[in-house]
Amino acid sequence: MNSPYKMVFVVNTELNMGVGKIAAQVGHAAVGLYKILSSQAQKYDHKLAQWDDFGGTKIVLKGENSAHLFDVEDLAQKAHIPHYLVHDAGKTQVASGSLTVIGLFGSASEVGTLTGTLLLL
């Protein structure tokens with residue numbers, strides 16, 4: 001049986017980040033998103049517990065560019081889907097403030113309406 005909830009991370013592929021950089025940026029998004037969800041425990045504890053019980057599904061997808069990630073954010077806000085944007089500090093591969101990843105959390109169907117057409121990274 002599949003998890004009823006998942007985290008999805010959309011990576012800004014226009015930045016041409018290396019695999020280690022992408023891994024770090026997705027890590028930042030996962031931690032930031034989890035902090036948001038944990039801070040609203042009454043609303044998300046049950047969903048997080050179910051997500052964790054089914055293995056904590058995490059999917060990483062290809063985003064086109066910053067504008068695309070901001071479009072995903074706009075859709076997430078309108079759909080009341082928890083999300084977290086990662087802006088890089090600019091210490092290594094990309095310019096300071098670059099939008100690298102957006103992380104989303106919700107039911108497979110909720111998140112799928114925003115990201116279902118995107119390809120796996």
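**Helix packing and nonpolar cores in the predicted model**

Helix α1, which covers residues 19–39, comprises 21 residues and reaches 30 Å from its first C-alpha to its last, close to the 30 Å expected at 1.5 Å a residue. The expected span is taken as 1.5 Å times one less than the number of residues in the helix. Helices (H or I, at least four residues) and strands (E, at least two) are DSSP runs numbered from the N terminus. The structure is a predicted model, in which local features need pLDDT of at least 70 and side-chain atom pairs count only at pLDDT 80 or more, while totals for chains, interfaces and linings use all residues. Residues are numbered from 1 along each chain as its sequence is written, and side-chain values use heavy atoms, with hydrogens and water left out.

The buried residues of α1 are Lys21, Ile22, Gln25, Val26, Ala29, Ala30, Gly32, Leu33 and Leu37, where buried denotes under 20% relative accessible area, exposed over 50%, and partly exposed the range in between (1.4 Å probe, protein chains only). Their cover includes β1 (5–12), α2 (41–53), β2 (58–63), β3 (83–87) and β4 (99–107); contact is defined as heavy atoms within 4.5 Å. Within α1, Gln25 has a relative accessible area of 2% and is therefore buried. Beyond residues up to four places away in sequence, Gln25 touches Met17, Val86, Asp88, Thr100 and Val101.

Met17 itself is placed in the loop between β1 and α1 and, at 10% relative accessibility, counts as buried. With neighbours within four places in sequence left aside, Met17 is in contact with Val11, Asn12, Ile22, Gln25, Gln93, Val94 and Thr100.

For α2, the 13 residues should span 18 Å at 1.5 Å a residue, in agreement with the 17 Å between its end C-alpha atoms. The buried residues of this helix are Tyr44, Leu48 and Trp51, and what covers them includes β1, α1, β2 and β4. Just after α2, Gly55 adopts a positive phi of about 100 degrees.

Helices α1 and α2 pack at an angle of about 125 degrees, with their axes 6 Å apart. Because of this angle, α1 is oblique to α2. Tyr34, Leu37, Ser38 and Ser39 of α1 form the contact with Ala41, Tyr44, Leu48 and Trp51 of α2. By class, the residues of this contact comprise six nonpolar, two polar and no charged.

The largest nonpolar core contains 18 residues, of which Met7, Phe9, Leu37, Val101 and Phe105 touch the most other members. Such a core is a set of buried Ala, Val, Leu, Ile, Met, Phe, Trp, Tyr and Cys residues joined through side-chain atoms within 4.5 Å. Two or more residues are given to this core by each of β1, α1, α2 and β4, and the largest share, six residues, comes from α1. Apart from this core lies another, of 14 residues, among them Leu61, Leu69, Ala76 and Val111.

Phe9 touches Val26, Ala29, Ala30, Lys58, Ile59, Val60, Leu61, Val101, Ile102 and Gly103, not counting residues up to four places away in sequence. Lys58, located in strand β2, counts as partly exposed at 47% relative accessibility. With the exclusion of residues up to four places away in sequence, Lys58 touches Met7, Phe9 and Trp51. The C-alpha atoms of Lys58 and Tyr5 are separated by 9.4 Å, although these residues are 53 residues apart along the chain.

Note on methods: Axes are lines fitted to C-alpha atoms, for helices over the stretch in contact, and angles run from 0 to 180 degrees between N-to-C directions. Angles under 35 degrees count as roughly parallel, over 145 as roughly antiparallel, 65 to 115 as roughly perpendicular and the rest as oblique. Ala, Val, Leu, Ile, Met, Phe, Trp, Tyr, Cys and Pro count as nonpolar, Asp, Glu, Lys and Arg as charged, and the others, Gly among them, as polar.
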